[in-house]
Amino acid sequence: MKLFVGTVLLAALSFGSGAFAQTAPTTLTIGVRSETSSLDPHWTQFPQDKQVEDHIFERLVAMDPNSRPIPALATSWKPINDNTWEFQLRRDVKWHDGKPFTADDVVFTFDRLRAGIAGAPASPAFVLANGNKQIKKVDDHTVHIQTTGPFPTMPEELAFFSIVAAHRAQGVTPSVDFNNGRATIGTGPYRFAEFRPGERVVVERNPDYWGAKPEWDRVVFRPITQDATRLAALMNGDVDIIDYPPTPDLPRLRQQNSGYSVSEIASDRVIYIQFSYRDLEPFVKNLDGSPATVNPLRDVRVRKAMSLAINRDAIRDRIMGGASLPTGNIVPPGFFGYAEQLKPDPFSADEARKLLQQAGFEKGFKITLHGPNNRYINDQAIIEAIAQMWTRVGIQTEVNTMPRNIFFTDVIRGDPMTIPGFDVGKFSVWLSGWGTASGEAVYTVRGLLESFNPEAGSGNANWGRYTNARVDSLSRKARVTLDPAARLPLLVQATEIGLRDYALVPIHFQVNNWAFKATLNHRPRVNERTYAWDVTKR
Amino acid sequence: MSVFILRRVMESVFVILVMTFLVFFGVSVIGSPIDIFAAQECDQRCRAELAQRFGLDRPIWEQYILFLGNALRGELGNSFQHGLPALQVILHRAPATLELAFSAVFIAFAVGVPLGMWAGLRPSAWSSRAIMTLSTVGFSVPTFWIGLIFIMVFALWLGWLPAIGRGQTVSIFGLELSIFTLDGLSHLVLPATTLALFNIALLIRLTRAGVGEVLQSEYVRFARAKGLQPSRILLVHVLKNIMIPVVTVIGIEFGGTIAFAVVTETIFSWPGMGKLLIDAIEVLDRPLIVAYLILVVVLFVTINLIVDILYSVLDPRVRLGGRAR
């Protein structure tokens, strides 16, 4: 034991003498809710993977904290004709091993994605399939991307995947060689240092970075799944900043003298109630419990009544600890295509009852509200609250929540009618969420409001199979309108028509919170990702 | 003995077969990993492609037969999430869990047995009553709560120990272990003690009951009458005779401790197998879940085997059983 202590002392001394020579390296430790599964940027689409990868690898187009596209590896872009976008690549960019970055790397990345990443559970290859994007190298610092038909959201979509080094990632084993550092050579502000699955990911400053000099010498990501433990780790000093602080603790953390600060921003993730529009619904029943012979959810008055019956402010104040933005919209404020006219429905139980009466359901009906219980912030509590609010106006609502791994399969294809290629959902009304990840409305209108159409790839999260010909034609037109000034009104109109028809009922936008030491500053992001360059010393 | 071991092995093969069947079909009934992994903008075509990649587009019985065929060749499939052979992913995390479980059992043994003996020797003393009350608490309080309280008291209020994670490791025979560094030990104390509490309580009760019973026996009275030193009576005659149930329970509980480690690991963010399993269930990483459970079955069978062998070492009656009759 004595020997042991001696060794430790010696080690400490030698460390100390080294530290005198230069200023101590600065380390930022980030406690994150979910574990990073891979550092291969084309392996998954999980935010917990992307946010770490983004420190090492860069995309052609990056996103600012408000999810607007900003230049990264591409300095500028413009459509040169109806089917072609031209991207100018940044010169003087070097990979972490010193080799220059060129158009060949971009072409390689496209090829890698298109060839398919062996074993990858969710590569972003579908982004290329969208519009059938073909890349052509013009010179070392110019590429053309061709599509079938005009493709206005090209820059936003190119922000979905990172560029990897052709000379490094050629022929490597996907995921594995990125986790051990062999192929983890990027152009980003930080370099790969260490990846211990389940324990930590460490990245180090890239002194040759082309952009703003990164503040921290080392950044450590530590996964801490439990909310309470993550908070404890912050208070204990094990980590400097955490994502998703538990909402009940927010008021305490916000206090001036708590020693901690909280950053917050309305996120791009809208929480909403979605309906199923079949003739007969398995979870809609008459008051005596017999199956309903008509589907009341097909009546817009019923859907409006259900929206009016929800007290969104109460949900914000009582359930979310103030951390939500009640809304009547699906695209967050400030995003391209935000429909300003749409306001959250004011809570009015009387109005709701009146509407139900007009629709011929003055006695109400029975319904089961389904939803996940571990996917969105306080999802189960929100569902329970809404069920009570609906019951109050006469719609007797039962609640059935389940873990997300059960919920999402069931909501998409849980009905026994499902056959391969033809999904039938199980539920009649449910709570779900959608993040406008691209930062503009084409993505969301197409995914949520457009009719379900596997060939066109539209209505992807329109699990209730809402169909509205006017929404469809406006949205389809917006998707091929290159001129932003002409595209904007199309999107706004499509959103307004869909939501005034109560295709779905938005509840609120989640508010993203981070909690950190009061000696730091943090610039929050709408898209929920945590980046080291958003954290600065105060 | 070899027939005995052979029978055990065959039994375990059967158990594993039944278990893979249950897990395989159970996990498939729950849901599809595709819907977890696919990004929200991944459309029908993209989802169909994913299903094909994982072989999930085939009928479930076909997937199962395929799995059995591969398993016979020793391949349990690649983890969806990690893209590596499932067994490799698990074994990579095994040292952390085993280290935690061994430490917990060690603590349980070192604390539980002496306290139990004390309580057994002086059943009516107030100290014994206090010990017994504590053991009741240890039984009834759930692990996750104790873990959080430990974190609050020792990491937050007192600031003595780190709240989360595993400390510095050193490589010993290729195993990454943290019990040989100060930093590692400081990280280990809280989770190991949390995990040990239930076993401490169990061992206290078991030892006390055993001591109480053995003290009444003829051979202890005889040893007393013979004038042997009390310490010798206690440490040789009593201790040896109460060891049989203690060893049985420790053996069974060791398996249980590894299983219970799931909760403890999650709370303390301990990067072990248990946390891996939880994460795997979360995303329905079926190969990983199946491989983990196969490993646990093998583990339990092996532990039981070792316990049986230990019996024969501790108790000659077991060893000689066949001949004495």
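Val201(A) stands opposite Phe221(A) in strand 10 of chain A. This is a predicted model. Strand 10 (residues 218-223) of chain A pairs with strand 9 of chain A in the antiparallel sense, over four bridges. Strand 9 (residues 200-205) of chain A also runs antiparallel to strand 8 (residues 190-196) of chain A, and six bridges join these two. Here Glu194(A) stands opposite Val202(A) of strand 9. Strands 8 and 9 of chain A form a hairpin, with three residues between them. Gly198(A) lies in that turn and has a positive phi of about 80 degrees.

**The four-stranded sheet of chain A**

Chain A has an open sheet of four strands in the order 4-5-7-6. The pairing is antiparallel. Strand 4 (74-81) and strand 6 (134-139) of chain A each have a single partner strand, so they stand at the edges and one side of each lacks a neighbour in the sheet. On average, neighbouring strands are turned by 25 degrees against each other, direction ignored. Strand 4 of chain A pairs with strand 5 (residues 84-89) of chain A over six bridges, in the antiparallel sense. Asn81(A) stands opposite Thr84(A) of strand 5. Helix 3 (residues 103-115) of chain A packs on this sheet. Helix 3 touches strand 5, strand 6 and strand 7 (142-146) of chain A. The direction of helix 3 makes about 170 degrees with that of strand 6 of chain A.

**A covered helix and a buried loop residue**

Helix 8 (residues 227-236) of chain A is mostly covered, with seven of its 10 residues buried. The buried residues are Thr229(A), Arg230(A), Leu231(A), Ala232(A), Ala233(A), Leu234(A) and Met235(A). Gly237(A) follows helix 8 of chain A and has a positive phi, near 90 degrees.

Ser458(A) sits in the loop between helix 15 (441-449) and helix 16 (469-479) of chain A. Ser458(A) has 22 other C-beta atoms within 10 Å, so this residue is buried. Leaving out residues up to four places away in sequence, Ser458(A) touches Arg446(A), Glu450(A), Ser451(A) and Asn453(A). Leu448(A) is 10 residues from Ser458(A) along the chain, and their C-alpha atoms are separated by 8.3 Å.

**Chain B and its helix pairs**

Chain B has 13 helices and two strands. Its C-alpha atoms fill a box of roughly 85 × 60 × 35 Å along the principal axes. Of the 325 residues in chain B, 38% are buried. Among contacts in chain B with a separation of 6 or more, 70% join residues 24 or more positions apart.

Two packed helices are described by the angle between their axes and the distance between the axes.

| Helix pair | Angle | Axis distance |
|---|---|---|
| Helix 1 (residues 2-30) and helix 12 (residues 286-314) of chain B | about 155 degrees | 9 Å |
| Helix 6 (residues 126-140) and helix 8 (residues 182-215) of chain B | about 135 degrees | 8 Å |

The angle makes helix 1 of chain B roughly antiparallel to helix 12 of chain B. Their crossing is right-handed. Residues of helix 1 in this contact include Ile5(B), Arg8(B), Ser12(B), Val15(B) and Phe24(B). Those of helix 12 include Arg286(B), Ile289(B), Leu293(B) and Leu305(B). By class, this contact has 15 nonpolar, two polar and two charged residues.

Helix 6 of chain B and helix 8 of chain B are oblique to each other. Their crossing is left-handed. Helix 6 of chain B contributes Ile131(B), Ser135(B), Gly138(B) and Phe139(B). Helix 8 of chain B contributes Leu197(B), Phe198(B), Ile200(B), Ala201(B), Ile204(B) and Arg205(B). By class, this contact has seven nonpolar, two polar and one charged residues.

**Where the chains meet**

In the interface, 47 residues of chain B are in contact with 44 residues of chain A. On the chain B side, the elements giving two or more residues are helix 2 (34-37), helix 3 (44-53), helix 7 (143-157), helix 10 (230-268) and helix 11 (273-282). Helix 7 of chain B gives the most, with five residues. By class, the side of chain B that touches chain A has 25 nonpolar, 12 polar and 10 charged residues.

How values were computed: Residues are numbered from 1 along each chain as its sequence is written. Chains are lettered from A and ligands numbered from 1 in the order in which they are written. This is a predicted model: local features need pLDDT of at least 70, side-chain atom pairs count only at pLDDT 80 or more; totals for chains, interfaces and linings use all residues. Axes are lines fitted to C-alpha atoms, for helices over the stretch in contact, and angles run from 0 to 180 degrees between N-to-C directions. Angles under 35 degrees count as roughly parallel, over 145 as roughly antiparallel, 65 to 115 as roughly perpendicular and the rest as oblique. A crossing is left-handed if the near helix is turned anticlockwise from the far one by less than a right angle, and right-handed if clockwise. Two residues are in contact if their C-beta atoms, placed from the backbone, lie within 7 Å. Ala, Val, Leu, Ile, Met, Phe, Trp, Tyr, Cys and Pro count as nonpolar, Asp, Glu, Lys and Arg as charged, and the others, Gly among them, as polar. A residue is buried if 20 or more other C-beta atoms lie within 10 Å of its own, exposed if 12 or fewer, and partly exposed in between; C-beta atoms are placed from the backbone. Two strands pair if DSSP finds at least two bridges between them.
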